[in-house]
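Trainee: I would like a close look at one part of this model. Please take me through the contact between the two chains.

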Amino acid sequence: MVGAVSLDQQWRTTVEQAEELIERLQQDEMTRAAAADAVEEQENRLDRLRERLAQDDGSTTVLEQDG
Amino acid sequence: MAIGAEVREAVEDEHGIPADKLTTVAQAARQVNDALDRPELRAAHVIGEVTNVSDWKGNSFFTLKDDRAKLRCVLFARHIDDYRPSEGDQVVVRGALDFHGEQGELSLKANRVVPVGEGDYYRKLRQLKQELREQGWFDGGQDVPQLPGKIGVIASEDADAFSDVRDSIRERNPGVDIVLRPASVQGDHAVEELVDAIRQLDRHGVDSIVIARGGGDIEALQPFNTREVAAAIKQADTPVVTGIGHQEDETVAGLTADSRGITPTDAGRKATTDIEELRQQLDDLSDQLDQAHRRFQARRRQEQEIARQERRETLYQAAIVTMAIIFLLWWAL
């Protein structure tokens with residue numbers, strides 16, 4: 001899909017960012033204030049993904065042949 | 001069953017067909033068998049390629065074919081010694097041609113089957129697989145998205161294969177949108193339709209494409225063993241998952257795909273991850289993040305406490321030194 005960020009890309013990016021943040025926290029690379037902000041922002045991203053995963057109303061459509 | 005006099009008369013009167021020319025189906029079948037009662041047909045030697053093999057109670061049932069005709073064959077267990085007919089073999093079958101009236105089927109009752117080499121179709125298929133393998137077509141390609149928003153499915157519209165894929169996807173992730181692009185999966189137009197369907201879904205904007213077809217003999221799966229369908233899969237920008245036939249069916253399309261399910265249901269599984277696993281993964285990440293943050297804060301508090309302690313000790317030492325100097329000055333004066 002060109003242009004739009006797919007759900008799978010959103011998933012991969014969020015998981016990757018969370019893992020990076022965990023590593024930075026483990027390596028003490030941040031100030032306390034910056035860490036608190038980053039953790040809060042990351043939790044929000046994880047929550048948004050949870051909301052997407054909660055959707056259970058996938059559709060089924062038929063694509064007609066071109067032309 | 002004999003034809004009644006009333007029927008004969010009615011057919012003759014109303015349709016002008018002479019009553020003495022009428023025969024029943026059973027009589028016609030008997031006539032076919034009578035016609036087959038010739039030495040060269042009762043002890044025929046037929047050469048062809050074995051396909052559509054099935055075994056039942058030790059007997060072997062198969063189709064003998066060449067590029068223009070097919071013949072059903074049965075080899076009873078008592079005639080099987082060290083060779084059992086196998087898909088793709090070129091064989092000579094010795095036996096009697098027989099028309100089985102109840103099934104309306106001509107078959108060759110074999111009493112001996114001699115393998116004489118590899119069949120033409122299998123040889124070509126083996127050569128195609130070898131060529132494409134050498135060109136790297138089977139080396140895999142793109143990762144299949146684990147959290148797709150929309151999956152395209154190519155299948156025959158009313159076939160079980162489509163419902164198997166759909167149910168399998170829905171069971172694991174009910175939020176996925178499914179787009180069915182119907183296509184013939186066997187017959188003269190199947191190759192062309194499959195290629196069109198793959199290209200259309202690739203342009204349509206789906207996260208992955210599942211190609212599904214239920215079980216069938218090697219001829220039924222023939223479209224999936226063509227270079228054209230494999231090329232369409234290879235050229236697609238969208239990851240392709242196949243679920244064609246059964247576990248033992250290794251088609252060229254399946255080998256070219258980014259992921260190969262052993263059945264349509266399995267292809268549905270490979271096209272998406274169980275939503276519960278993903279939820280659990282998110283919860284685990286949240287826990288790890290929370291834990292890392294708590295430890296980070298604890299370490300920072302500890303560092304601050306140490307720094308405070310060091311400052312206190314420094315001040316204490318400075319105070320002692322100052323007092324010592326004052327005392328010495330006082331004493332000196």
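Which residue of chain A forms a salt bridge with B:Arg299, and how far apart are the closest N and O atoms?

Mentor: Keep in mind that this is a predicted model. The partner of B:Arg299 is A:Asp28. Their closest N and O atoms lie 2.8 Å apart. Between chain B and chain A, 22 residue pairs are in polar contact, counting pairs with both residues at pLDDT 80 or more.

Now take the side of chain B that touches chain A. Four elements of chain B each give at least two residues to that side: helix H5 (160-172), strand S7 (177-182), helix H6 (190-204) and H10. H10(B) provides the largest share, 18 residues. By class, this side of chain B holds 19 nonpolar, ten polar and 15 charged residues.

Next, the extent of the contact. Chain B brings 44 residues and chain A brings 39 residues. The buried area between the two chains is about 3,600 Å². Carbon and sulfur atoms account for 59% of that area. On the chain B side, three leucines stand out: B:Leu147, B:Leu282 and B:Leu289. Together they supply 19% of the area that chain B buries against chain A, more than any other three residues.

Helix H2 (residues 32-53) of chain A packs with helix H10 (residues 275-332) of chain B. The angle is about 170 degrees, and the axes are 11 Å apart. Angles over 145 degrees count as roughly antiparallel, so H2(A) and H10(B) are roughly antiparallel to each other. Their contact contains twelve nonpolar, four polar and seven charged residues.

Over all chains, the search finds 21 salt bridges. One lies within chain B, where B:Glu131 pairs with B:Arg227. Here the closest N and O atoms are 3.0 Å apart.

Technical notes
Residues are numbered from 1 along each chain as its sequence is written. Chains are lettered from A and ligands numbered from 1 in the order in which they are written. This is a predicted model: local features need pLDDT of at least 70, side-chain atom pairs count only at pLDDT 80 or more; totals for chains, interfaces and linings use all residues. Side-chain values use heavy atoms; hydrogens and water are left out. Axes are lines fitted to C-alpha atoms, for helices over the stretch in contact, and angles run from 0 to 180 degrees between N-to-C directions. Angles under 35 degrees count as roughly parallel, over 145 as roughly antiparallel, 65 to 115 as roughly perpendicular and the rest as oblique. Ala, Val, Leu, Ile, Met, Phe, Trp, Tyr, Cys and Pro count as nonpolar, Asp, Glu, Lys and Arg as charged, and the others, Gly among them, as polar. Contact means heavy atoms within 4.5 Å. Buried area is the accessible area (1.4 Å probe) that two parts lose on being put together, summed over both. A salt bridge is a side-chain nitrogen of Lys or Arg within 4 Å of a carboxyl oxygen of Asp or Glu. A polar contact is a pair of N or O atoms within 3.5 Å; within protein, one must be able to donate a hydrogen and the other to accept it, and residues adjacent in sequence count only if both atoms are side-chain atoms.
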